[in-house]
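Here is a short report on how two protein chains meet. Look at the structure first, then read on.

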Amino acid sequence: MVFLTRLFFAFLLSAMALPGVGRAAGERVLRVAVLENSPPMAYRDAKGGLTGFSIAIMGLLCEEMRVSCEYHVTTLDDIVDAVAAGEYDVAAVSLLDTPERRAKLLFAKPYFRSLSLWFAKPGLQPGQSGFRIAVVHGSAQERFVRARGWDLVGVRTNGELAEPIRAGLAQAAIIPMSSALNLMKMPEFRDLGLVSTVMHESELGGDASFGISPARPELKEQIDAALERIKRNGAYDRVNSKFLPFRIN
Amino acid sequence: MNLSAIPGFHGIRAGRAFALLAACFVLTFGAMVTLLVLDQQRVLEATGHLQEQTVPEIIRYQRLARNLEQLRQEGERVFSAHTPQSRQQAMFVVMLVASHPSVLEHPESAALARETERFLNDVMYRSATDSKAFVTYHEEWQRLAARLSVQVDDVSIQGINLANGDLNEVAATMGLARYKVAAALGLVGLFLLLFLVLLRKHLIEPLQRIDRALSTLSVEQPSPTFQPSAMREIHAVEEAIGELHASLVQNEKARVALEELANNDGLTRLTNRRHFMLLADAELLRAQRYERPVTVGMADLDHFKNLNDGYGHAAGDIVLCALAQLMRDTFRQSDMIGRYGGEEFAFLFPETSLVEAHVLAERLRVRAAGYNIELPDGRTVRVSMSIGLADASTGSLEMALNRADDALYEAKRQGRNRVVQAPVGEQRLLADDL
């Protein structure tokens with residue numbers, strides 16, 4: 001009888017403990033580093049809220065993983081080191097695969113496939129000398145240009161890539177596909193009269209992934225599984241159609 | 001289905017055959033179940049592959065189809081655009097789609113996309129000098145757009161068809177599994193049939209034989225014989241039936257011996273007084289019912305006390321036995337002889353009148369009187385007997401015997417060694433008194 005009573009109280013205690021466990025799970029917060037001036041991947045909408053393809057995908061992933069995500073705006077040249085240092089858990093930014101990034105971060109499964117475009121004044125070809133190329137600081141494009149020893153002008157965000165050209169500081173730019181799609185919608189960019197070509201170098205295209213902090217290796221499996229689910233249940237494609245004119249996966 | 005009739009099974013006990021059958025069944029059925037489980041595993045793997053590999057691949061084909069459709073729409077926009085800006089924008093998307101890895105990884109689509117991009121570029125280039133270029137090339141564009149549409153359909157169907165491999169695998173496995181289930185059921189039926197046949201042959205039929213044997217078991221019948229059974233237990237029961245029969249026979253012998261002891265005199269083997277009275281009473285009733293003549297008699301050895309005193313009781317016993325034998329030899333088979341007391345005997349002669357009985361009694365008296373009875377010590381003795389007879393065709397046995405006894409007394413009185421008949425009138429007299 002004493003044993004039964006103890007058992008009953010043990011059961012009662014565990015039952016009372018359960019909601020606590022539930023709260024603990026609900027309180028799991030993911031610190032997500034994002035960009036804010038990289039339309040259509042990440043930008044502020046008219047009301048000032050963060051939106052964009054990468055941010056919406058991350059939102060779906062958070063929903064799938066049943067975690068609450070808090071977004072921290074940063075810039076591309078900071079993001080890799082900050083996530084590597086554990087300041088953030090996830091970099092919800094389209095990262096092309098580079099050896100330096102791979103050494104510092106874990107890569108989630110690719111969430112789309114990108115390519116880079118060469119925008120330049122007519123007649124200027126990649127590899128020619130005597131002009132400067134605008135790239136984003138910390139980008140794979142910057143790494144590419146530096147590796148070849150070409151002259152460059154760095155900007156902090158994708159949204160600013162046209163500025164150096166407009167200001168006459170640069171005569172060309174290497175621009176990721178999604179940013180280029182956005183820039184081409186702007187008359188002032190089109191008016192620059194730049195000629196565009198697709199760059200086929202492998203380090204400028206291909207798989208783009210979110211970065212995961214090496215301090216949270218368990219997140220990779222969860223994020224990959226969640227990504228697989230949203231690709232299958234149609235949520236991914238709705239986000240794709242919302243932000244981009246064609247299927248980029 | 002007699003197991004011992006099958007060469008390989010000779011000497012194998014039916015119990016073991018049952019166990020062997022059960023083991024075979026368990027093994028075979030287990031193997032069938034294992035095969036079915038493997039089939040199930042294959043189905044699970046195929047559906048798993050469908051979910052994990054094929055469905056994402058199908059989705060990839062759908063996205064490619066979507067991009068090719070987008071390519072066609074952007075091409076349309078290049079032709080129908082009202083401003084150079086929107087034309088330029090559309091052309092830019094065409095370039096991106098045609099260069100995107102999702103299109104490039106499908107060679108046919110990649111080739112068509114490149115052709116589309118080149119064609120549109122070419123028209124754009126010509127439009128710079130020829131304002132009618134878009135009109136001139138529109139027809140060619142429509143052919144190209146139609147090819148794009150067909151390619152969209154092809155890619156969609158290719159994607160859907162990817163599922164066929166997995167589904168065919170599942171269908172084939174399920175088809176095979178159906179045969180296996182049927183085979184397993186057939187096997188169960190076969191084993192069940194075999195089991196029933198063995199059960200009938202080695203259990204039910206022997207039990208029926210045992211039942212028949214038991215219901216006809218009696219001492220009059222010989223001990224039942226059985227074919228040697230393959231079942232140890234049945235064999236044991238059959239042997240027990242043999243033993244039961246033997247003990248029945250033994251009991252009957254014992255019963256007969258006991259009856260003999262109860263009904264006969266131990267010394268002379270003649271019917272004892274109690275049994276004689278029973279038998280005689282029954283015979284008297286029968287005779288009186290059919291109004292047949294019947295006579296009773298009483299006999300007593302003369303001077304038997306003197307014999308006992310002079311020669312000893314052993315000699316007296318020998319004399320009694322010898323005279324009993326003499327009575328059996330002298331009288332007919334149907335006549336009843338009983339030892340009534342120590343040296344007193346009673347007779348009943350069925351179907352015999354007083355006169356006829358007198359002849360028989362007289363014959364006995366004469367033979368007894370002339371009979372030299374040898375004693376173990378070599379001496380011989382002769383013992384005469386006095387006999388009284390009475391008609392018993394009416395009245396009770398006791399009354400008849402009393403009258404015979406009175407006649408016997410009369411014979412003793414007259415000097416012994418003689419036969420005296422009870423007067424018939426005395427009986428009538430008695431009857432008249434009633």
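Chain A and chain B share 3 salt bridges. A salt bridge here is a side-chain nitrogen of Lys or Arg within 4 Å of a carboxyl oxygen of Asp or Glu. One pairs the side chains of A:R113 and B:E105, at 2.7 Å from N to O.

This is a predicted model: local features need pLDDT of at least 70, side-chain atom pairs count only at pLDDT 80 or more, and totals for chains, interfaces and linings use all residues. Residues are numbered from 1 along each chain as its sequence is written, chains are lettered from A in the order in which they are written, and side-chain values use heavy atoms, without hydrogens and water.

**The interface**

In chain A, 25 residues are in contact with 22 residues of chain B. Contact means heavy atoms within 4.5 Å. The two chains bury about 2200 Å² between them, and 61% of that is on carbon and sulfur atoms. Buried area is the accessible area (1.4 Å probe) that two parts lose on being put together, summed over both. Within chain A, A:R113, A:R232 and A:R247 lose the most area to chain B. Together they make up 29% of what that side buries.

| Class | Members of the class | Count |
|---|---|---|
| Nonpolar | Ala, Val, Leu, Ile, Met, Phe, Trp, Tyr, Cys, Pro | 12 residues |
| Polar | the others, Gly among them | 5 residues |

**Chain B**

The domain assignment, automatic or from a database, gives chain B domain 1 (7–197) and domain 2 (267–433). Their C-alpha centres lie 125 Å apart.
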